[in-house]
Structures are given as C-alpha cells and as structure tokens.
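Open the model in your viewer and keep the selection tool at hand. The stops below are meant to be taken in order.

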Amino acid sequence: RCWLAPSLREAGMCTLASAWRGLCSSSRLADLMNATRVGHSIVWMAPSAHMFKSHATTSLGSKFVFHDNVDPKFFTGSNVPDRPTTVVVSAQSVSGQFFEAWREKCRHEQQLTLVRRGTSLGSIDMNAAKELGIDVVNTPGVNSPHVAKFVIEMLGLSEPLADPKAAKAVVVGAGSVGQFVIDMMTNVGVKPTVVNRSPESPSLETALLGTTHLAVCAATSNKPIITAAHIRALLAGKKGRIKICSVSRPEAFSVEAILMIAQHQDRATLRFDYGDSILAPTREKVNRDGVKANVTWSSNAMASEACKQDMDEAVLSILVNSRAL
C-alpha cells in the first residue's frame, strides 16, 4: 500500500474523477454521433472538445465536416459535402447571404437546421432564416455554470475575502449566467446587488455608487446598457480598485464608457470575454490610438474542456432528439 498526504490523495482523486468524466463523456459523444442521420452531413463551424474530431471520423451516423469560417463561399467550394443539412456555429455572424447560399446548395432538402452552440441569437439573420425555411436552434444555459465560474475568477471572488463587507458587488443581468454568478458570490459571503428589468430593481446608476466588483451578464439590444454617465457614477465611489468583467456582447458598453475606464488605470480594470469576431470591431475602436492596458479582451469563458464537452453533447442531443420527432 502507498500512503499519500491528504492534499495529494485529494489531487489524485480529482485527477481520477476528471479522467472518469472524460471517459464517460467520450463514450456518450460517440453514441450521440452514431445516432445522427445517416446519409446527411453536419458542417461544424464552431469550437469542439479535444476528442470530438477523432470521434467524428468514425461516426456511423452523419458525416462530420469541419470548417472555420462562416462564409457563403463554402457552399460553392470543393470541400462542401453531400447533403449538408446541418450547420453548427458559435458566436460568429451568420448573414442572409450565408443562408441563401446554403439553401441554394440544398434546394431539394426540406429541412435545414442551424445550431447555435451557445445562447445568443443576436449575430444571426433570423429573418432570412425564416424566409428560407431554415430552422435555428440554440443551447441555452448549457455553458452558464462554466461562464459564471470564469466571471467569478476574473473578479477575484473564487475564495472568501478577508473582509467580505469591504466588497460591494453588482451583477447586471439575472438570466442563466447571472443567476449562477449571484449564487457563487453569495457562497463566498458577498451578497451582490442585482440590476435587471424587474420593477423592483434599483437603477444602474444608483447601484454602481461604491461598487468594487461588477459583473455584466445581460442580453444586449441596440442601445448600450452601460454609458459614460454610469461609469462616472462608478468612479465617483470610494477610492478603491474596481474590477469589471463582462460576458455580454461588447455593445453592452458604449465606446465612451470603455474609454473612460481606460483613462483610470489606477482605479479600474475591465475584461471583456466573448467570441473574437464579435469583440474585434469594438476592440479596434477602443485601441485606435493605442492599446489600453486596463481593458483586456479574451474568448476564454467557454474554453475549458468540461464546457466544450457539455456544449458538444448539447448540440448532438438536439440533433438526435429532433430526428426522433
């Protein structure tokens, strides 16, 4: 028998548990792939878990084709497979031109399905999809605990603070991700103020006074949620460090608000995390006259293997279940 110190025993158990989860997930992925429609092709234009592509090559169901860019030209190229009746995307923009090229390629197919591997449909031309008879589905809530964990880590709230009362946290948006963030903050002794569309919700400007930790998890619209006026209220509070993490589309902030944060490197840091193609236009505007050191951009919230596996399984489950209807 081999004796291990408790910490090493726990680390070993975690490693074994992780490996076992990976094996179970791997087996389930293979089963789901085998249950997809034979004679059809799935064009995967989204990220995937580490072992996903190797399983896809041996699928007994649909043929899997992997392509990085959501480009209408794909459907007139040499790599387009037979009967590409399903396309899987992530946070990329999907234009009407893309749908038109796809429908033209598959004009004899009755059912075409676009699967958004994630929640937001804001980057998809839904009107074009409807006009062309293309179904659009998503996987809401699947990535929420993983994204929330990322937010909590970026805000430095993974562990209880020495003085939880010194922190004032605000969560903007109480949807699936926001609710997980609220619960995780509460678990470490930080009770956040929640700003949402509820009539009982405080105004954002009022809530931001004195805030030290700000999580932005709200769905976006044509108008920014956080403007320069809100940032002025945020910076008017006590003279401490302010950590901001946003997993909303960058349009949740006006460019003026972001630049105001950038001017206060000694007070505030802002992390945006979303798909890179969605972040790029706003990032270019913000960094037009130089990179802003305290405003950072990443696409890491859904990058863990556990999150990728859950997302892949959710997409395949949708396809298998829709086949059974």
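The tour goes from a sheet to a helix packed on it, then to a single residue and a further helix.

This is a predicted model, in which local features need pLDDT of at least 70 and side-chain atom pairs count only at pLDDT 80 or more, while totals for chains, interfaces and linings use all residues. Residues are numbered from 1 along each chain as its sequence is written, and side-chain values use heavy atoms, with hydrogens and water left out.

Select the five strands of the open sheet, ordered β2-β1-β3-β4-β5 with parallel pairing. Strands are DSSP runs of E, at least two residues, and helices are runs of H or I, at least four residues, numbered from the N terminus; two strands pair if DSSP finds at least two bridges between them. β2 (63-66) and β5 (134-138) are the edges; each has a single partner strand, so one side of each lacks a neighbour in the sheet. From one strand to the next the twist averages 20 degrees.

Next, pick β1 (41-45) and β3 (86-89), joined in the parallel sense by four bridges. I42 has T86 of β3 as its bridge partner.

Now show D312, in helix α11 (305-324). D312 counts as buried because its relative accessibility is 0%; buried means under 20% relative accessible area, exposed over 50%, and partly exposed in between (1.4 Å probe, protein chains only). Beyond neighbours within four places in sequence, D312 contacts L29, W44, P47, S48, A49, F52 and R117, where contact means heavy atoms within 4.5 Å.

Finish at helix α10 (276-286), whose buried residues are I278, L279, A280, T282 and V286. These pack against α9 (255-262), β10 (268-273) and β11 (295-298).

How values were computed
Axes are lines fitted to C-alpha atoms, for helices over the stretch in contact, and angles run from 0 to 180 degrees between N-to-C directions.
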